Amino acid sequence: MREITTIFVDDGGVLNDNGLRALQWRRLVGEFLAPRLGGEPAEWGEANRGIFPKLWSGEIGGAAPGNFASFKEWHFAYASAWLGHMCELVRVPTPPPALAHRILVDADDYIDRRVVASIPGAAEAVRALWAAGFCLNMGSGGDSRQLANRLEVLGIRPFFQTLYGADLVDMTKSRPEFHARILKDASVDPARSLFIDDSSDALDWAASCGARTALIGQEAQPRFTFNAPSLEALATLLVALR
């Protein structure tokens, strides 16, 4: 087996706890939107809680990531659906699509710089992997700007080279081509790369490109190169094998 040199790390479920993030989002989204668009902060938080899973699944709005090959097209459509449905629930005027997209970007920045949702040991694991000589990159379904904000909160931004969010390869993570585009852009040998994720589907797509895979926080599945309860546990193993 060839030595692993390059690692691509997912965010939610690996570095940050999505459940903790969601709870803080509900408060912070209202804190951000109410002064700008009207309504009460609690109304915005409740509206976001109600529509987010339906938007993401495509139940409303038609903006599920899997419906779009281009990340840019999806992000613009999602912004309009996200803000439009919330404005209806809060009973305030809906901004035009271009402004809705700008508001989503600004809200992301405001919120991600304030959310504290680190999985215990994750930041320390990143430092250990970097100290062991691995080349670290992100490989996550958000965009690179979001990832930068989240890594800054964790204090580990300097340890990563390229923050491969979906915007850098213009491909949503819900499509198999996502990992192929990352590997091509990074110009790395797939056999010497490792994708770390909590999604078995994502790792199956990475494996189909010839990359090695590590499943985090889920029931072990033998088809993956590594299975670990946390990034911290995986880092301990990888450093020992180096």
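**A walk from core to pocket**

Let's begin at Trp44, which, leaving aside residues up to four places away in sequence, touches Val29, Gly30, Leu33, Ala34, Leu37, Gly38, Gly39, Leu83, Met86, Cys87, Val90 and Val92. Do keep in mind that this is a predicted model.

Apart from that core, there is a second, separate one of 30 residues, and Leu151, Phe159, Ile216 and Phe226 are among them.

Now step back to the surroundings of Trp44. The largest nonpolar core has 46 residues, and those touching the most other members are Leu33, Trp44, Trp82, Leu83, Met86 and Phe195. At least two residues of this core come from each of helices H1 (18-37), H2 (41-57), H3 (71-90), H4 (97-112), H7 (166-169), H8 (177-186) and H9 (200-208). H3 gives the largest share, with 10 residues. In general, nonpolar side chains in soluble globular proteins tend to be buried together.

From here, turn to the open space. The largest pocket has a volume of about 1100 Å³. It is lined by 38 residues, of which Asn18, Phe52, Trp56, Gly142 and Arg150 are the closest to its centre. Two or more lining residues come from each of H1, H2, H3, H4, helix H6 (144-154) and H9.

Our last stop is Gln146, placed in helix H6. Is Gln146 buried or exposed? Its relative accessible area is 12%, under the 20% cut-off, so Gln146 counts as buried. Leaving aside residues up to four places away in sequence, Gln146 touches Asp108 and Asp112. With Asp108, the side chain of Gln146 makes a polar contact of 3.1 Å.

Conventions
Residues numbered from 1 in each chain as written. Predicted model: local features only at pLDDT ≥ 70, side-chain atom pairs only at ≥ 80, totals over all residues. Heavy atoms only, no water. Core = buried A, V, L, I, M, F, W, Y, C linked by side-chain atoms within 4.5 Å. Buried < 20%, exposed > 50% of the residue type's maximum accessible area, 1.4 Å probe, protein only. Helix = DSSP H or I, 4+ residues; strand = E, 2+ residues; numbered from the N terminus. Contact = heavy atoms within 4.5 Å. 1 Å grid on protein atoms, 1.4 Å probe; cavity = no way out; pocket = protein on both sides within 12 Å on 5 of 7 lines; lining within 4 Å. Points joined across faces, edges and corners; volume = space filled by probe spheres on them. Polar contact = N/O pair within 3.5 Å; in protein donor to acceptor, adjacent residues only side chain to side chain.
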